[in-house]
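Please consult the structure shown here alongside the text.

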Amino acid sequence: MAATDPGKGAGTSRGRDEGTDTGTGTDTGAGADTDRPGRIEAHGIDHVPDGERHGRARELFAVWAAANVNYLSMVVGGALVLMGLSLWQAVAVIVAGSLFWAPIGLLAVSGPASGTPSEVVARAMYGIRGNRVNIAVNGWLLCICYIALNLAAAAVAAFVLVEKAGIETTSGVKVAVVVVIAAVTLAIGVYGHATMVTLYPPIAIALTVTFAFVAAYVCTRADLGHQPGEPLTGIALWAALAAGVTLIASGPLSYANSADFSRYLPRTTSPWAVAGWTALGGFLPGVLLSTLGALAATVVDMAEPQAGLEGILPSWFSPVFLSAIVLGTIANNAMTAYSSGLALQAAGVRVGRSLGVLVDGALGVGVTLYALLVSNFLDTVGNLLQLTVVVLGPGTAVYATDILLRRCRYDGPALTDETPGSPFWYTGGVNRSGALALTAGIAASALCVDTLYTGPVARALGGVDLSLPAGIIVSAALYGLLMRRSLRGPAAVPPA
């Protein structure tokens, strides 16, 4: 497949004007100022031409760090100790699970190479139509769930702040708090890429300073030799270790859309730099904050982490701590909301990116309010999200394998061509190799899972959950085997 001129689209022209773009059109030759702070981002899932590329790979570090210097990482780290692991076993699990930021860094290099977001790059793996189904489930639906969960986490902390201000948290007040948090989150998502790149460095610094203060209080009290009352041994220990790694890995694996935030970088940007800064931006804060949570679990009850931590922090610092929880969750959720708009477009819905963000945000708010005010639905969603690794692991494996097979050379304009003449139409709009590899990986993972249900393999192993490695190995191996032959045909690697 010959590479198309990067300044010319391969698909039907549909215009990129904000509010009307569908992301499926060709480039209109707009200047590089289409992506700048304080201006609503014009691009959707369309190709970003070379003339509009800008920035440096190191900017990615702050973007990912701001989203991952957060309270939820502490909660997850504390959960490992609650599972019965010793402190140092928990730390080892945290490091092992966080290594999955490496493949997320690899996925990010497809952004500068193609000038398109991950949701469009995936057309190379699943075909135009096949990818719509893939993105509708693995992208858009999961985004809505994460938006709701993050909104709920921020809202719970904000409710305490409101109570400390002497305001009774009636249902009306709770609704208002959720709406305000959502409005700030969605505003960042609507303004988009350049605004995030500008806002996130100071947010990352503010959050780092706040959690460093928390760390000072936790570390002086932590029991570095902590051991559970009844240490785990044998199969029980291996089951806890496997479950812990899966829990930690679910964090980075949920960012398989990392090219969304790197696609504006010049195509000449070093792939090593893109991968390194992306992975490091998630890995460092993830390890540090999760370890801090594990340390905290040796001195406070992390089953009620907010109350437990407030018990060892000075009273004057409590509002600062709660505000940091809200701010960190907003930073994380804005990225999710941003990608949800792209996912909605990639799923085939003819809507502008900004409107898509608002629609998805409204759905997330609805789910959050229902969960907080009406039922325990949030618990159900939370349990279901423990199963996300079943699909996220195989999906990441297929994506990473495709990058390696193509040597990260993607024809961005051709990827935006949704017509039957597209080189990524494959057979009836579906790349059977990708669909088969993903399905087989999910099936293998499901057989080995031990969360809401126990798969037959996990049951035979005494509850050891091997869903993560099983799904990744099967998907990567099968996709590599099938696509090696396919890439000799119409979807062959374009010349450099």
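Leu288 is a residue of helix α12 (residues 271-296), helices being DSSP runs of H or I with at least four residues, numbered from the N terminus. The model is predicted: local features need pLDDT of at least 70, side-chain atom pairs count only at pLDDT 80 or more, and totals for chains, interfaces and linings use all residues. Residues are numbered from 1 along each chain as its sequence is written, and side-chain values use heavy atoms, leaving out hydrogens and water.

*Surface*
- Leu288 counts as exposed because its relative accessibility is 58% (buried is under 20% relative accessible area, exposed over 50%, partly exposed in between; 1.4 Å probe, protein chains only).

*Aromatic pairs*
- The whole structure holds 13 aromatic pairs (Phe, Tyr and Trp rings, the six-membered one for Trp, with centres within 6.5 Å; planes under 30 degrees apart are stacked, over 60 edge-to-face, the rest tilted).
- Phe213 and Trp316 form an edge-to-face pair, because their ring centres are 5.5 Å apart and their planes stand at 70°.
- Phe213 belongs to helix α10 (residues 193-219) and Trp316 to the loop between α13 (305-310) and α14, so this pair ties together parts 103 residues apart in sequence.
- Phe213 is partly exposed at 26% relative accessibility, whereas Trp316 is exposed at 57%.
- Phe261 and Tyr338 make a tilted pair, with 5.5 Å centre to centre and 35° between the planes; both residues are buried.
- Ring pairs join Phe261 and Tyr338 with Trp64, Trp101 and Tyr255 in a cluster.

Definitions and conventions
Helix = DSSP H or I, 4+ residues; strand = E, 2+ residues; numbered from the N terminus.
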